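Morning, everyone. I'll take pockets and cavities, then helix packing. Here is the model.

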Amino acid sequence: MTLDPITLEIIHNALRSVTDETFIALMKSAYSTNIKERRDHSTGFIDVQGRLVVMSDASLPVHLGSLLGVTATLLGKYPLHELYDGDIFVANDPHTAGGTHLPDVTMVMPVFAHGHLLGFAGNIAHHADIGGMTPGSLAGGMTEIYQEGLRIPLVKLFRQGELQQDLLDLLLLNVRVPDERRGDYFAQVAACRLGARRMVEIADMYRVDMLEAAFEAIIDRTQQRMRDAVNAIPDGIYTFEDQLDDDGQGTYDIPIRVRIDVQGDRIRLDFSGTSPQVPGNLNTGLNATQSAACYAIKALLDPEIPNNQGVLNVIEVFVPEGSLINCRFPGAVAQRATTCQRIVDVVLGALTSALPEASVGAANGANTTAVFSGVDPKTQQSYVYLETLGGGFGGRATKDGKDAVQVHITNTSNLPVEAIEMEYPLLVEGYGVVEDSGGAGTFRGGAGLRRVVRPMGHACTFNGAGERFRHQPWGIFGGEPGRTGRYLLSDEAGREQRLDDKPMGVAVTPEQMVVIETPGSGGYGPAAKRCPDLIREDLQSGKFTPAFIERHYGVQLTD
C-alpha cells in the first residue's frame, strides 16, 4: 500500500504523540526522583520485525540500543504465535537480553489490534538501585556483571494480563528501597498499557494494513533523508583518538579510536584499535556503542531526523568483539554511559575538518555519578539518592557552549535542590558553576557544575564515578581545553581532601560535605579572536576570574 504524504504525516505524528504521552505518564507515575524529576527514561514503539518506528522526543539516545536489543531478544525467543494480549516482558541484562546496563530496566508489551499483532509498546527506566555490591549500582569499583546488581533475563512479568507475583517478589527482594522500585516498575507497566491502548485507537481510525504501510514508509523516508545527509560529507577517511582516564582498577589512559570512511551516501565507522575490554565497569556492549555512534552522526548532519530504524540502516558500525566497546561476558558495564559520551567525542572529533560549521569543542565527556545512601534518621527507612550530573557543552561555530547541562546521549535534567532536600535527609550547601572551567576561545566552552551535599543528622555513604578528571576536554580550531572535574571531602573548618576519581564506600559524617565538580568543555576558535563584549560579559557573569581572562585573552578588565 502506498500512502499519500499528508496521510503519512498525520499517522506519523499520531504515533509520536503516543510515545510522548507515555513518556509523560511514566514520569508522572514514577516514585523515584531519578525518573519523576530527572526524566531518566524513554518510550518507543517497535514493529513486528523488531524495527524502531517512533521514539518520544524527550527520550535518551543511549536508550535506543536497549529498546531494540530487548525486542530482538524477545523475537528470537518467542514465535509470534506464542505472544498474547496482556503479556508484558521485562529484561535488563546486557549479556543475554539485549540491555546496555543493569539499572536500565526495559519493558515491552505486544500490541494487538483486531486480533492482529501490530507491534510492541516499549519503555526503559533507569532505576536508582538494582542491587549489587554498592548502593546505586554505579560505583567505579565493580569488575564483573555479577557485582553490578540483579540480572534480569527476558521474562514475562505479566501473562495475558495476570501479574506473576513470585517473579515480582524476586525482583524486589534483590534491591535496596524495594517500595520505590515497585512504584517505578508499575509506572513502566502503566506506560506500556497506555501505549497499547493508544495504538489500538489509532488502528481503529486507520486500518491495520495502512498502519503497517506507514511503519515501512516512516523508516524508508528516514533512511533516505539520512543518506542524503551523509552524501553532504566530503568523501574521504577521517580518524580520531581520545582516552578515558581510568577504569578504577588500575588501567589508565584507555584509548578509543575511530576510522570513518565516507563514500557518497555510505558511511562506515570502524573502531578497530580501541582498547580491549578492561577489568573496571567502563565497558559497553555493541548496542550502546551503536546508539552513541549513530547519535553523533545524526547530530552533526541533521538533528531533526526522526530517531528510528532508518538511521541505523544507513550507519555501519564495526567494533571488534572483546574490545572496550563490544565487551564479552562477564564484563562489567555499569558506567557504559560515560564511555558512550567518549565515543561521541571521537566521532565528532574525526569529522571536525569535514564539517567545521557543525562541529563543537569536546563536552564534559562524562556522566559524573554521585550516590548518597544511608538510613533517614526521621523515618528509620533506607534511602538511595542517585544522580548523574551534567557539565560543560563545547563551544560552537557561532556561539558559546552551554553551562552545567547534560550532553549528547543523556538529556536528563539536573535534580532541583528542593527535590533533593524534600526527598532525602541531605542538605545542598552549594550549587552553581565551576569558575574558569570553560575553555577559552573565540566562542568559549561551557562551564562545569558544582554541587555540595551534607548528610543531616546521620552518617551516610558516598559512591562516585568520574571521568575527564585527568584528561581535559579538548578545544577545536585553536580553542583551549576545559577544566577537569574532581570529588572533594570538605569539613566545617574548610579543610579539603581530594577523593579518588572513582570513589566507593566513602563515609561522610554530618560535619562533612561532599563537593562534586564536573568537567567543563573545550572552546571553539582562537581566544585572540573573541569579541571584547563577550570577554566583559564573562567577567561580569562571575563564571570567570580576572586572572583567567588576563591569562587567556591578554586583557585586564574590572567590574
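Terms before numbers. I work on a 1 Å grid over the protein atoms alone; a pocket is an open set of points with protein on both sides within 12 Å along at least five of seven lines, a cavity is a set of points where a 1.4 Å probe fits but cannot get out, and lining residues have an atom within 4 Å of a point. Grid points are joined across faces, edges and corners, and a volume is the space filled by probe spheres set on the points.

Now the ground rules. This is a predicted model, so local features need pLDDT of at least 70 and side-chain atom pairs count only at pLDDT 80 or more, while totals for chains, interfaces and linings use all residues. Residues are numbered from 1 along each chain as its sequence is written, and side-chain values use heavy atoms, with hydrogens and water left out.

For the classes, Ala, Val, Leu, Ile, Met, Phe, Trp, Tyr, Cys and Pro are nonpolar, Asp, Glu, Lys and Arg are charged, and the others, Gly among them, are polar.

The largest pocket has a volume of about 970 Å³. Its lining counts 38 residues, with Y295, K298, P303, E304 and I305 closest to the centre. At least two lining residues come from each of α1 (5-29), β2 (52-55), α6 (208-230) and α7 (286-301). The top contributor is α7, with 6 residues.

The largest cavity has about 130 Å³ of space. Among its 19 lining residues, D40, H126, R336, A337 and N367 lie nearest the centre. Helix α9 (residues 336-350) gives the most to this lining, 3 residues. The classes here are 5 nonpolar, 10 polar and 4 charged.

The second largest cavity has about 70 Å³. It is lined by 13 residues; V18, T22, G44, A121 and G195 are the closest to its centre. Elements giving two or more residues are α1, β1 (41-47), β5 (116-126) and α5. The largest share, 4 residues, is from α5. This lining has 6 nonpolar, 7 polar and no charged residues.

On to packing. Axes are lines fitted to C-alpha atoms, for helices over the stretch in contact, and angles run from 0 to 180 degrees between N-to-C directions. Angles under 35 degrees count as roughly parallel, over 145 as roughly antiparallel, 65 to 115 as roughly perpendicular, and the rest as oblique.

How do α1 and α5 pass each other? Their axes come within 8 Å and cross at roughly 155°. The pair is therefore roughly antiparallel. From α1, the contact uses A14, L15, V18, E21, T22, A25, L26 and S29; from α5, G183, A187, Q188, A191, L194, G195, R198, M199 and I202. Contact means heavy atoms within 4.5 Å. The residues divide into 10 nonpolar, 5 polar and 2 charged.

α1 also packs on α6, at an angle of about 90° with the axes 10 Å apart. That makes the two roughly perpendicular. T7, L8, E9, I11, H12 and L15 of α1 meet M210, L211, A214, F215, A217, I218 and R221 of α6. Here the count is 9 nonpolar, 2 polar and 2 charged.

Last pair. Helix α4 (residues 165-173) and helix α5 (residues 178-205) have axes that come within 9 Å and cross at roughly 130°. They are therefore oblique to each other. This crossing, too, is right-handed. L168, L171 and L172 in α4 meet P178, R181, R182, Y185 and F186 in α5. That contact has 6 nonpolar, no polar and 2 charged residues.

Technical notes. A crossing is left-handed if the near helix is turned anticlockwise from the far one by less than a right angle, and right-handed if clockwise.
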